Amino acid sequence: MAQRTSRISAGLAVLALVTTLAGCSDNSGDSAADSGDLTVWLTVDARESWPDLVESTNKRFAKKYPDVKVKVQYQQWTSKNQKIDAALAGEDVPDIVEMGNSETTNYIVNGAFAEVDPKDYDNSKDWLPALSTACQLDGKTYCVPYYVGARVGIYRTDLFEKAGIEEPPKTYPQLLADLEALKEKHGADDEKFSAMYMPGRYWYAAMAFVKDAGGEMAVERDGRWHGAMSSPKSVKGLTAWYELLDTYHVGDRTKDNADEPAVVGQGHVGMFYGNTWEAMAAADKRSGGNPELKGKFDTFAFPGPSGELLPPFLGGSTLAVPAKSKKQEMAAEWIGLFTDSTSQRKLIEVDTLPNNSAQLDEVPADGVNGPAAKAAERGWVTPLAPGWVAVEKSNIMQEMLQSIATGKKSVQDAAEEADRLIDEVINEN
Amino acid sequence: MKTADPPRPRTRPKRPGAPGAHRRRALPYLLIAPTMLALSAVLGYPLVKLVLLSFQDMTRKELFAGTDPPWVGFKQYRSIFTDAFFWEVVGRTALFTVVCVGLTMGVAMGVALLMRQVDPWVRVTMAGVLVAVWAMPIMVAAAVFRWLTDTDYGVVNWALGLLPGADFTGHNWFANPWHGFTVIVLVVVWGAVPFATITLHAALTQVPAELEEAARVDGARGWQLFRCVTFPVIKPAFVMVTALMAIWDFGVFNQIWLMRGGQPEKEYYLLGVYSFTESFAVNRYSSGAAIAVITVLLLLVGAVVYLRQLLRMGEVE
Amino acid sequence: MSGTATRQGRRGRRLANTLGLLFSALMAFPLYWMLLTALRPASEIRHSPPRFWPSQLTLEHFQRAMETPTFWSNVRSSVIIGLGTVVVSLLIGTLAAFAVARFRFVGRRAFVMAILCIQMIPLAGLIIPIYLLLSDLGLTDSLTGVIVTYLVFMLPFTVWLLRGFIQGIPVELEEAAMVDGCTRFGAFRRVVLPLLAPGLVATSIYSLVQAWNEYVLVYVLLSSNDKQTLSIWLVSFQTSFGTDYGGMMAGATLTALPVLIFFMLVQRRVAAGLAAGAVKG
């Protein structure tokens, strides 16, 4: 109570101040909450890769609500959550927010989002578990799957040809043999040549090896989560990853994959593990790539040491309605349009995987995304522990991998250290 | 720049506000009222909130729901003070501050003195460069320096590789925190030198030429001349700039955050970064608040000496 | 220097000139690299060994940067926020500085202490409380909210600097004007203000640079893309596809340019101004 009044009196003081200032500054800001606007926070991917989908959704939405202006505001992945935290703490919240599927749990547990009814949405029975489980808590659903991406192997067709390799590898031994051939052929006269580009902090790749070996990042026992990086299976996966990196990666071992397309675009990389769009980005100027490499990339389903396909992380997005939103029904309808079968088809057209398994079949098998759709069946998600976001944000995985990759620590030591750090934060809300 | 100096009255100010000169008691309060109002309104509430927060245990649940978090007394402080990592960060921050401030002030003083010795056109060049650097957004500076020290395509590695016997191909500047901090210190100093140099150079223009000439006639040379004649005149400016630099460097956040791509490793934590990640990454808002409070307290302790000196210089009454 | 320069003096000067130019070159190199990256074709940006001279110049990065949909509205926001902060902080700050420099009053010392201490508060820790406060007032996603917030972070330094300037103006001048029949305010306006001009300029530079370049707070406070400032706009060159260094460096050049021009225009006054403010401590 006391806090409330002090806030109000402080507020009055500021108001007095502001009115005296009003003549000096142009105030073009009216707050969105009071107007008839629907505020949507999407990440920049939508603006970069499927602006048409946003536009067509807004058009369809306008047919039903001609008076409502939809304000789509684009956020950066790296800093969006701190902004969302601040916004959700206040009263003036956006009506729809996009959330990565590894970020949702913590927000749901803390009551940030309103419940949604899956029956209102197309394909909700076939939603990919990687996305829908991230939206559920105690049998209720709090967000709507939007899209996923799965990683695949991407290789330079011309370099393969020169090294005498006819087709992309189907098994892990074959993969290693191909890398060896690439290294032999191109590594001799190009000291920067990486047969396999695998930067040290690329944890989605390393964890794929852990999963392939049957390991886990964290496990739940008696209601509490524990790090599991140092379990024998996980260590086996990490070791396989390290050996691949150590033998075929040349260059910076402390980077993550953030600038992967730009690095690959320099032409010193034979093969890498990435999202399908990275093949295009590597030939796109906007991302620092090299247009001359256009058409020289192809994708394949990456085989894992276990003999099966390397299980890819299903990184994806969901859409949620904040519990404090005053236009929850309208927001739900907008999401419905934005994620229905028609919209999902548009996503498939721009080489993105849909939010449901039924439409995975619509992904052309011989297109760049075909291998990704195939690999997606073995896809995994990060542990659905309340503190997992904190694990990611404090870079525990990245630092473990970096000390392995640079040889600072043995796999076992680094993994044990990581488990200790994971245990510290993973159970916290 | 020196040539441009307008003729200014050399009369020293009389003691501010001789008693009896201004009888209207209310006037000064009216004059500071807007400042006080702005500060207390916009900063007061958040500050109180910050301190309160450090005695609570705020999680996202309370943050989103707007309910009051439970009071936990000194628990946050206790767990911070007993954490060896925290003291490591404090030590690192102190060392970082000393190195940055020392380098900045050393370079700035040297360059400011140098600017008195050079031809006008050189001086204008130097001033132009300083001003251009000063106007550079930190965000840009960080991006440029990251680009310069890039492991695979950085100019720095290439240039160092030209030295005989040195091989810096693929050297990663951020793998080893000592190397990484070398780069970060460079960015910070690079960005801070212009302000310090311009201020000190400006202060140097205030040193009466007759004074130095007289000392020179008396046989004072070089270092002696500087220490006994020049420096005392610019000392207030020097102290002020040093203090500001110390405050800014102690709380440095942006440079580290940006240089490490928004994901600084634990070895790169300084107090500012630590407080921020505790709040926003790990969602321990109260712990982050407590660290922020401790940072201010540490600065205050360090500043007591400085404040006393400043107050003495400003208020000889 | 007097006309009869000795040979030693000439050699000393040449050495000083060389050192000065060397220093300038070192300081300017990052700027040169930025411009170079902004002006060279994309294919040359990542080249090893690096080339210090472009084989050809291109404006494609600048063009791409300026064609970003929100560019001009972001320029507008930056200008409004920058000017708003500077004007208001000078307005309010001068009053307070005048009080501190010219009057003795109970609480003056405390006020000065508070002004100094505020600079020690880490901004990052205050983001959420500030957001909540502005949210209660309906000032989030509003330029006014940002100006008000910046204001409190600029004011202490403004007051501090201006205080030094005002102390540098002999109080007798004012008294003389008042004897001649000016009111207190009249004396301030006719006598103090003109002499204070360099100080005001120096202080405004400081506030402008700060307001223009800040991005953590402004990012959290402003969510409409077209209301955001140039420093946020710059971040958009880091896409999930990678960093567009060419575009970013072009954007950086564009961002720094207005401040730089303003700086160049007033730099003579800045030097004089800072001197006075600083010496008087």
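## Sheet in chain A

In chain A, four strands make up an open sheet with mixed pairing, ordered β8-β11-β7-β12. The model is predicted. At the edges of the sheet are β8 (194-197) and β12 (297-300) of chain A, each of which pairs on one side only. Ignoring direction, neighbouring strands are turned against each other by 25° on average.

The pairing of β8(A) with β11 of chain A, residues 269-275, is parallel and runs over three bridges. Opposite A:M271 in β11(A) stands A:M196.

## Contact between chains B and C

Chain C contributes 80 residues to its contact with chain B, and chain B contributes 86. On the side of chain C that touches chain B, at least two residues come from each of α1 (7-39), α4 (71-102), α5 (108-118), α6 (127-136), α7 (143-168), α9 (184-213), α11 (230-235) and α12 (245-279) of chain C. The helix that gives the most is α12(C), with 18 residues.

By residue class, the side of chain C that touches chain B has 59 nonpolar, 15 polar and six charged residues.

## Annotated span in chain B

An unreviewed UniProt entry places the feature "domain: ABC transmembrane type-1" at residues 90-306 of chain B. In the model, this span of chain B is 76% helix and 0% strand.

Terms used:
Residues numbered from 1 in each chain as written. Chains lettered and ligands numbered in written order. Predicted model: local features only at pLDDT ≥ 70, side-chain atom pairs only at ≥ 80, totals over all residues. UniProt positions renumbered as here; feature names shortened; annotations may be inferred. Contact = placed C-beta atoms within 7 Å. Nonpolar A, V, L, I, M, F, W, Y, C, P; charged D, E, K, R; others polar. Pairing = 2+ DSSP bridges. Axes fitted to C-alpha atoms, helices over the stretch in contact; angles between N-to-C directions.
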